[in-house]
Amino acid sequence: MWQNFAEYIHLQCDKNPTRICEIGVGKFTQVFDYLSKQDNVEIFKTDISPADLSVIKDDVTKPNLELYKDVDIIYSIRPPSELQPYIIDLALKAKTKLIIKPLFNEDLNSKRVQLKLKNYKKASFYILGV
């Protein structure tokens, strides 16, 4: 399923390079690792509590908008429900595509914004602007 999710994100890369950011990376890096190996991708990851020096410290509730100004795609894997509206707001401010993979069977906390449920092979997730 994670391979399918990563493939879908890569299929959205219509620029060379396409700048991608993973929000709230935590310790799960399988999707990031796949995307970072693609020739047409520039990718970085952020988290409020970076696990290592490869993660940029940023608080999505008060994001540093400079980090996201040239980003083409933002994605987040299993973000907590209370952070989902902040991630959506960030994507809207950055005018970027957004892909959120919530926990299995979890509804998205999108407030006023309508995200579309997308199924790609064995992966299900929500998209905005894709």
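Residues 24 or more positions apart account for 59% of the contacts in the protein with a separation of 6 or more, where a contact means heavy atoms within 4.5 Å. This is a predicted model, in which local features need pLDDT of at least 70 and side-chain atom pairs count only at pLDDT 80 or more, while totals for chains, interfaces and linings use all residues. Residues are numbered from 1 along each chain as its sequence is written, and side-chain values use heavy atoms, with hydrogens and water left out.

Let's start with the overall layout. The protein has three helices and seven strands, and from the N terminus on they run α-β-α-β-β-β-α-β-β-β. Both kinds of element are DSSP runs numbered from the N terminus: helices are H or I with at least four residues, and strands are E with at least two. The C-alpha trace spans about 35 × 35 × 25 Å along its principal axes. For 130 residues, a compact globule would have a radius of gyration near 14 Å, and the 13 Å of the protein agrees with this. That radius is taken over C-alpha atoms, and the globule rule is 2.2 Å times the number of residues to the power 0.38.

Of the 130 residues, 48% are buried; buried means under 20% relative accessible area, exposed means over 50%, and partly exposed lies in between (1.4 Å probe, protein chains only). The accessible surface comes to about 7,200 Å², and carbon and sulfur atoms hold 49% of it. Such areas come from the Shrake-Rupley method with a 1.4 Å probe, and for residues only the protein chains shown count as cover.

Which residues have the most contacts inside the largest nonpolar core? They are Phe5, Ile9, Ile20, Val31, Tyr75, Ile99 and Phe125, in a core of 20 residues. A nonpolar core is a set of buried Ala, Val, Leu, Ile, Met, Phe, Trp, Tyr and Cys residues joined through side-chain atoms within 4.5 Å. The elements giving two or more residues to this core are α1, α2 (30-36), β2, β4 and β7, and the largest share, five residues, comes from α1. To see one member up close, pick out Ile20: leaving out residues up to four places away in sequence, Ile20 touches Ile9, Cys13, Leu35, Val41, Glu42, Ile43, Phe44, Val71, Ile73 and Tyr75. A second, separate core has 19 residues, among them Cys21, Ile88, Leu98 and Ile100.

Ile88 leads us to helix α3 (residues 84-94), whose buried residues are Gln84, Pro85, Ile87, Ile88, Leu90, Ala91 and Ala94. The cover over these buried residues includes β1 (18-23), β4 (73-77), β5 (97-101) and β7 (123-128). After α3 comes Lys95, whose phi is positive, near 55°.

Strand β2 holds Thr46, which is buried with a relative accessible area of 2%. Apart from neighbours within four places in sequence, Thr46 is in contact with Cys21, Glu22, Ile23, Gly24, Val25, Val55, Ile56, Asp58 and Tyr68.

Next come the charged pairs. Side chains of opposite charge can pair when their charged atoms come close. The structure holds five salt bridges, each being a side-chain nitrogen of Lys or Arg within 4 Å of a carboxyl oxygen of Asp or Glu. In one of them Lys121 pairs with Glu7, with the closest N and O atoms 3.0 Å apart. This pair links distant parts of the chain, since Lys121 is in the loop between β6 (116-120) and β7 while Glu7 is in helix α1 (residues 2-11), 114 residues apart. Lys121 is exposed, at 59% relative accessible area, whereas Glu7 is buried, at 19%.

Another salt bridge joins Arg19 and Glu42 (3.5 Å, N to O). Arg19 lies in strand β1 and Glu42 in strand β2 (residues 41-47), so the pair ties together parts 23 residues apart in sequence. Arg19 is partly exposed, at 24%, and Glu42 is partly exposed too, at 40%. Glu66 and Lys69 also meet in a salt bridge (3.4 Å, N to O), and both of these residues are exposed.

Finally, how many disulfides does a search of the whole structure find? The search finds zero, a disulfide being a pair of cysteine sulfur atoms within 2.5 Å. The sulfur of Cys21 is 13 Å from the closest cysteine sulfur, in Cys13, which is too far for a bond. Cys13 is buried, with a relative accessible area of 12%, and Cys21 is buried as well, at 0%.
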